[in-house]
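Student: I am new to this structure. Please take me through it by question and answer.

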Amino acid sequence: MLSALSHPQVLFTPQRPSPGVVAKILALIEVTAIIAASTLAAVQAQKLISPGLGETLGLISGTAPDYIASSLAMLKQFAVQYGVALILILVLAATRKRNTAKAYALTSRPVGLAGLIALGIIAGFIVSIPAQTIFLAKEIWPLGKDTILWSVMESNPWDTTFWIFAATASFFVVPIIEELLWRSYALGRLVEAFKPGAALLLSSLVFASLHVQYLVNGDLLGYATMASVIISAIIFGLLTLTTGSVIPAVIAHMILNTPMNMEFGAARLAIGLLALTVFAKAISRYLSLLRKMIIAWDTIVMLLLCLALGGSVYALITQGVNAMAILGVAMALSFVTAFIFKSPWRYCEDEAA
């Protein structure tokens, strides 16, 4: 762990990345298509699951939430949403030969399991600083309106059933599946074609864009929370890049997502500020590395390609082309090209923990 703190360097990147515009475009299309398919599956699952989350949380009837039923509804949604993503990822992995643990940051080397856990705990308290500051501040100043889920959680007792729901929807299941999708898969796919800084920025911004619930009310609370989500995503990605493992990001994400009352929240903030002070030099090294990675020509190329592809999709939709048809073409293109353009991760040796 000490070497990771004193001399951070990018470890989660293939030895022989695939440069070139074609490789970059294919990486963008594949990641976007899988995320879109997964999100669409979640939307459809919400329509089909009965009783749904709105019913079980009492949002429709105004009754007290049934947290056990809510947990089951969430698990069903996750099974569909991430099941679709997993199937697509596994098929593409087999076709493109991205099939080692190292290629998905599922190792404990070279830092070691104990070091990865310790790093995740330290990062978890530090990454909680912005979000925890916001949550404490909103109890004092009228920063804005809570999201529906926050309102339900704050207006009902935190009994055993609440913690079962929180483990499902917040601090246990969600960190694992989100980090596996976004840092293990998406970030690892993007660093095949982009420099680590561009891949990190892109995966973090797309991850944050799926948390639009914070922007619904259009107030300072929502904007500040969205900013904290972006910061958290960048830190999770940076941890994965510099350790070659998704373990620290999962642990940090768990600490960040654990709901706390005012007293425990203040303690988490205090520990985070203490860690920020104790590890100030190490953090400055990480920030220096982050700045060097992101301020690069490849970041500009990535942004231009995203604008071009996004503009093309928007133009097709405004011309009446069905969004599902566009998604189908993008997915088909990913599968067809997978037979031609193999993953540069195939050259790495498996380093399973």
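Student: Is Ile 134 buried or exposed?
Tutor: The relative accessible area of Ile 134 is 12%. Buried means under 20%, exposed over 50% and partly exposed in between, with a 1.4 Å probe and protein chains only. Ile 134 is therefore buried.

Student: Before going on, how should I read the residue numbers and the values?
Tutor: This is a predicted model, in which local features need pLDDT of at least 70 and side-chain atom pairs count only at pLDDT 80 or more, while totals for chains, interfaces and linings use all residues. Side-chain values use heavy atoms, with hydrogens and water left out, and residues are numbered along each chain as its sequence is written, from 1.

Student: Where is Ile 134 found, and which residues does Ile 134 touch beyond four places in sequence?
Tutor: Ile 134 is found in helix α5, residues 113-137. Helices here are DSSP runs of H or I with at least four residues, strands are runs of E with at least two, and both are numbered from the N terminus. Contact means heavy atoms within 4.5 Å. With residues up to four places away not counted, Ile 134 touches Leu 143, Leu 221, Ala 224, Thr 225 and Ser 228.

Student: How do α7 and α8 lie to each other?
Tutor: Helix α7 (residues 160-171) and helix α8 (residues 173-190) pack at an angle of about 20°, with their axes 4 Å apart. Axes are lines fitted to C-alpha atoms, for helices over the stretch in contact, and angles run from 0 to 180 degrees between N-to-C directions. Under 35 degrees counts as roughly parallel, over 145 as roughly antiparallel, 65 to 115 as roughly perpendicular and the rest as oblique. The two helices, α7 and α8, are therefore roughly parallel to each other.

Student: Which residues of α8 make that contact?
Tutor: On the α7 side the contact is made by Ala 167, Thr 168, Ala 169, Ser 170 and Phe 171. On the α8 side are Val 173, Val 174 and Pro 175.

Student: Is Arg 189 buried or exposed?
Tutor: Arg 189 has its place in helix α8. Leaving aside neighbours within four places in sequence, Arg 189 is in contact with Leu 26, Ala 27, Glu 30, Val 31, Arg 96 and Arg 98. At 5% relative accessibility, Arg 189 counts as buried.

Student: Which residues does Ala 45 touch beyond four places in sequence?
Tutor: Ala 45 is found in helix α2, residues 21-48. Ala 45 is buried, with a relative accessible area of 5%. Not counting residues up to four places away, Ala 45 touches Gln 77 and Val 80.

Student: Which residues have the most contacts inside the largest nonpolar core?
Tutor: A nonpolar core is a set of buried Ala, Val, Leu, Ile, Met, Phe, Trp, Tyr and Cys residues joined through side-chain atoms within 4.5 Å. The largest has 83 residues, and those with the most contacts inside it are Ile 34, Leu 181 and Phe 194.

Student: How many helices and strands are in the chain, and what share of its residues count as buried?
Tutor: The chain has 15 helices and 0 strands. Of its 353 residues, the share that count as buried is 49%.
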